[in-house]
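Here are a few exercises to work through with the structure on your screen. Try each one yourself before you read the solution.

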Amino acid sequence: MTNLSDIFKLEYGSFKSYIKDLEIGTIPLITSGSKNNGVVGFYNIKPNYKSVISVPRTGTIGHAFYHDYDCTINTDCIVLSPRKKMKTLDALYYTLIIRKLSVLYSYGRKITPERLGKAKVPSKIPKWVKKISFPDYEKTQNAFHQKNNLMFDISNWKTFTYEELFDIKKGKRLTKANIKLGDTPFIAATEYNNGYRQFIQQAPNHEGNTITVNYNGSVGEAFYQPIPFWASDDVNILYPKFELTPYIGIFICTIIRQEKFKFSFGRKWHSERMKQSKIQLPTDSAGNPDWIFMENYIKGLPFSGHIQ
């Protein structure tokens, strides 16, 4: 084991300008967020780092990200620059180690370059790290259809009730004491990872090719579920009364999320309320939901070639 400061030079990020004063551009600005690799947006600014690790010292404290591209990092982050040339996999390994160290810091014990630098980390990279391979990201960006000439015109959209389109069922309560690790996806009221919390030993209590919607916790977050799963009692499950495909499911989930501002902890989106709730969808010439349009629209988007 060795001190983190023996491997990296640690300093505060140097960018101080307000986002509202910036022009849209091409350089990613890294802040203390926990999503999108810490990137808050792309602006017309001068990059000041490359091949470094950023560590938020406010907000999502310790949630580290590695940046192998030109970027700008603001003062809400600590920047770790390798003292020696470092391979991407090695940098990602230390990024994960730093995330594990985040439990040592909080608002009352803020993370600083000095404190983080004294953290003990492995001095050698494990052999298993060297065996990891990266996916071909260029191929993942391909669309199912290379061209999408569909016009997104909402003038022909129509309002439907959820009860017209779905049979709505409720998940079942499962306590931590009864959870054992297994192979069944456990869907809970989270906004991350397609609603997956972990894999459990219990048999699935709901079918795949359905949509889950949180009525508690992250209310209104919707996810398409391709395979059978166990849903917690904080989740509603939408069983389609039509032929659902992954592409149509993703389209509908996007529409559902736009309605979540109407609900909260004090006004939960329980199954009875959801039955009478309304959703707007594109329609065909007969006034029915235009499932073909929805599917083809999603197929024409980047990355859709890898939806299964």
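Predicted model: local features only at pLDDT ≥ 70, side-chain atom pairs only at ≥ 80, totals over all residues.

**Exercise 1.** Find out which residues have the most contacts inside the largest nonpolar core.

*Solution.* Start with the core itself, which has 32 residues. Inside it, Ile 211, Ile 252, Ile 256 and Leu 281 have the most contacts. Next, look at who supplies the residues: the elements giving two or more include β10 (157-161), β14 (210-214), α6 (246-257) and β18 (278-282). The largest share, seven residues, is from α6. Now zoom in on Leu 281: leaving out residues up to four places away in sequence, its contacts include Trp 157, Phe 160, Phe 251, Ile 252 and Met 294. Finally, there's a second, separate core of 25 residues, with Phe 8, Ile 53, Ala 91 and Val 129 among them.

**Exercise 2.** Work out how far Asp 233 is from the nearest side chain of opposite charge.

*Solution.* First find Asp 233 in the loop between β16 (230-231) and β17 (235-240). Asp 233 is buried, and the nearest side chain of opposite charge belongs to Arg 173, 4.3 Å away. A salt bridge needs the charged atoms within 4 Å, and Asp 233 has none. Asp 233 does touch Arg 173, though, along with Lys 170, Gly 171, Lys 172 and Tyr 215.

Methods: Residues numbered from 1 in each chain as written. Heavy atoms only, no water. Core = buried A, V, L, I, M, F, W, Y, C linked by side-chain atoms within 4.5 Å. Buried < 20%, exposed > 50% of the residue type's maximum accessible area, 1.4 Å probe, protein only. Helix = DSSP H or I, 4+ residues; strand = E, 2+ residues; numbered from the N terminus. Contact = heavy atoms within 4.5 Å. Lys, Arg positive; Asp, Glu negative; His and termini not counted.
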